Amino acid sequence: MNIDSIKNGYVIDHIKAGNAMKIYQILNLNRLDCQVAIITNAKSKKTGTKDIIKIDKNIDIDLETLGFIDHNITVNIVKDDKIVEKRKLDLPETVVNVARCNNPRCITSIEKYLDHIFVLTDKENEIYRCKYCEMSLKNKD
Amino acid sequence: MKHLIDIKDLSVEEIDDLIEVAKDIINHKEKYSHKCDGKKLATLFFEPSTRTRLSFEAAMMELGGNVIGFSEASSSSVAKGETVSDTIRVVGCYSDIIAMRHPKEGAPYVASIKSEVPIINAGDGGHNHPTQTLTDLLTIKCEKGRLDNLNIGLCGDLKFGRTVHSLITAMSRYKNIKFFLISPDELSLPEYIKRDVLEKNNIEYVETKNIEQYMKDLDILYMTRVQKERFFNEEDYVRLKDYYILNKLKLKKAKKDLCIMHPLPRVNEISTDVDDDPRACYFKQARYGKYIRMALILKLLEVK
């Protein structure tokens with residue numbers, strides 16, 4: 001299967017297989033007016049399969065949100081048909097309105113205007129906790 | 001401006017200072033009787049809690065201040081749909097300091113973001129209740145003379161019991177503390193507290209279902225009530241509510257200077273035959289609660 005290479009833009013690589021559509025939606029890539037390619041279940045030497053997203057335009061990508069979803073992702077920056085930079089991601093200290101607190105006792109369950117804020121409290125175990133009620137985010141997926 | 005939302009907001013030194021001020025208040029009440037003349041405390045209780053509210057109100061009155069507020073959400077503008085932030089900003093126009101209880105976890109933190117006066121968290125759901133923890137620390141300090149080198153038994157609802165979570169967090173900062181966690185499996189201490197507080201700080205602990213197993217080793221036995229309001233399922237509550245009942249017989253092997261504590265209200269978990277035992281400290285504990293709240297109000301209002 002051939003997908004056109006991109007001239008200027010991004011190749012978001014090493015996405016955990018099955019997560020590409022989620023990233024597509026969270027980054028609002030459907031709103032772009034350029035070519036976006038989503039490749040799922042591509043072969044990967046490291047993990048067996050992976051997803052890839054190619055974006056044929058220089059846009060502002062929310063790397064913190066990407067890092068929160070999957071910090072093993074690599075973001076390749078392409079200029080004039082060449083990869084000029086490979087960016088590794090890190091777990092962000094805080095994420096806002098990317099995940100929702102599911103604790104029915106949390107104040108965010110009744111005060112709808114509040115941002116849903118999660119803070120990284122344990123980097124080793126990748127544990128985020130709600131800023132308000134401190135409930136851990138069980139499943140980032 | 002400082003708020004008290006979580007016991008972790010206070011350093012060990014600040015807690016020690018509060019305890020010293022509270023002890024001074026106990027010994028020299030008259031010295032403090034006009035410290036808050038002209039000041040107003042607002043007690044905003046979005047869920048009822050008579051003893052905590054009365055403790056705050058008595059504390060402010062004994063400092064010479066006045067009290068305004070409400071004791072349940074139905075009698076406040078919340079019933080009309082007002083947000084916590086709006087309520088706090090309005091009440092801040094009428095008061096110098098606010099003590100707030102709310103059934104939703106994190107509500108006092110939301111209040112503190114917009115408040116122009118100090119906020120004291122008087123309990124938010126099953127989350128935090130820092131003034132209860134300060135009360136417990138003052139009780140331990142006054143009754144045992146120290147906050148280190150203690151064997152502390154925690155019994156009952158260790159899962160939803162916020163007083164227990166906060167006390168473990170606070171006591172983990174002192175040296176040579178060992179916890180005995182006594183609960184049925186369904187109400188055992190959450191894993192994240194074991195991992196993030198106990199194991200992270202190398203605090204020794206043992207878990208048991210048997211209240212008598214380690215009785216002879218304890219310096220403090222902290223009993224808790226199984227709280228109906230924390231259960232979504234009535235059947236679970238009925239099954240677990242009377243799991244532990246402390247009575248004279250069970251105290252047979254306990255140390256002569258054991259300190260029995262309970263945040264109150266008690267239901268069945270401590271038999272009334274224990275009340276006259278000199279080791280029963282839970283009513284004294286309620287009194288200590290008023291003094292530590294007086295010390296806290298002075299600190300947050302920056303009254304010297």
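Start by selecting helix α1 (residues 12–27) and helix α9 (residues 282–300) of chain B, which pack at an angle of about 115° with their axes 8 Å apart. Axes here are lines fitted to C-alpha atoms, for helices over the stretch in contact, and angles run from 0 to 180 degrees between N-to-C directions. Helices (H or I, at least four residues) and strands (E, at least two) are DSSP runs, numbered from the N terminus. The crossing of α1(B) and α9(B) is right-handed; a crossing gets that name if the near helix is turned clockwise from the far one by less than a right angle, and is left-handed if anticlockwise.

Now show the side chains at this crossing. On the α1(B) side, pick E14(B), L18(B), I19(B), V21(B), A22(B), I25(B) and I26(B). They meet Y288(B), Y291(B), I292(B), M294(B), A295(B), L296(B), L298(B) and K299(B) in α9(B), where contact means heavy atoms within 4.5 Å. Colour them by class and you will find 13 nonpolar, no polar and 2 charged residues. For these classes, Ala, Val, Leu, Ile, Met, Phe, Trp, Tyr, Cys and Pro count as nonpolar, Asp, Glu, Lys and Arg as charged, and the others, Gly among them, as polar. While you look along the helices, remember that an α-helix has 3.6 residues a turn, so residues three or four places apart point the same way.

A word on the model itself: it is predicted, so local features need pLDDT of at least 70 and side-chain atom pairs count only at pLDDT 80 or more, while totals for chains, interfaces and linings use all residues. Residues are numbered from 1 along each chain as its sequence is written, chains are lettered from A and ligands numbered from 1 in the order in which they are written, and side-chain values use heavy atoms, with hydrogens and water left out.

Step back to I5(B), in the segment before α1 of chain B. I5(B) is buried, with a relative accessible area of 11%; buried means under 20% relative accessible area, exposed over 50%, and partly exposed in between (1.4 Å probe, protein chains only). Leaving aside neighbours within four places in sequence, the contacts of I5(B) include P108(B), Y109(B), S112(B) and I119(B). N121(B), N128(B) and P130(B) are also in contact with I5(B).

Select α6 (residues 162–171) and α7 (residues 191–199) of chain B, whose axes are 10 Å apart at an angle of about 15°. The two are therefore roughly parallel to each other; that label covers angles under 35 degrees, with over 145 counted as roughly antiparallel, 65 to 115 as roughly perpendicular and the rest as oblique. Their crossing is right-handed. From α6(B), H165(B), I168(B) and T169(B) make the contact, and from α7(B), Y192(B), I193(B), V197(B) and L198(B). This set divides into 5 nonpolar, 2 polar and no charged residues.

How many of the residues of α6(B) are buried? The count is 10 of its 10 residues, running from R162(B) to M171(B) and including S166(B) and A170(B).

**Two backbone stops in chain B**

N176(B) has a positive phi of about 55° although it is not a glycine, and at 57% relative accessibility it counts as exposed. Then go to the loop between β9 (259–261) and α9, where P265(B) lies. A cis peptide bond joins L264(B) and P265(B), with omega about 5°.

**Zoom out on chain B**

Chain B has 9 helices and 9 strands. Its radius of gyration is 19 Å, close to the 19 Å that the globule rule gives for 304 residues, so chain B is as compact as a globular protein of that length. The radius is taken over C-alpha atoms, and the rule is 2.2 Å times the number of residues to the power 0.38. Buried residues make up 56% of the chain.

**Last stop: chain A**

Chain A has 2 helices and 8 strands, in the order β-α-β-β-α-β-β-β-β-β from the N terminus. Find N41(A) in strand β2 (residues 36–44). N41(A) has a positive phi of about 55° although it is not a glycine, and N41(A) is exposed, with a relative accessible area of 54%. Across chain A, buried residues make up 44% of the 141 residues.
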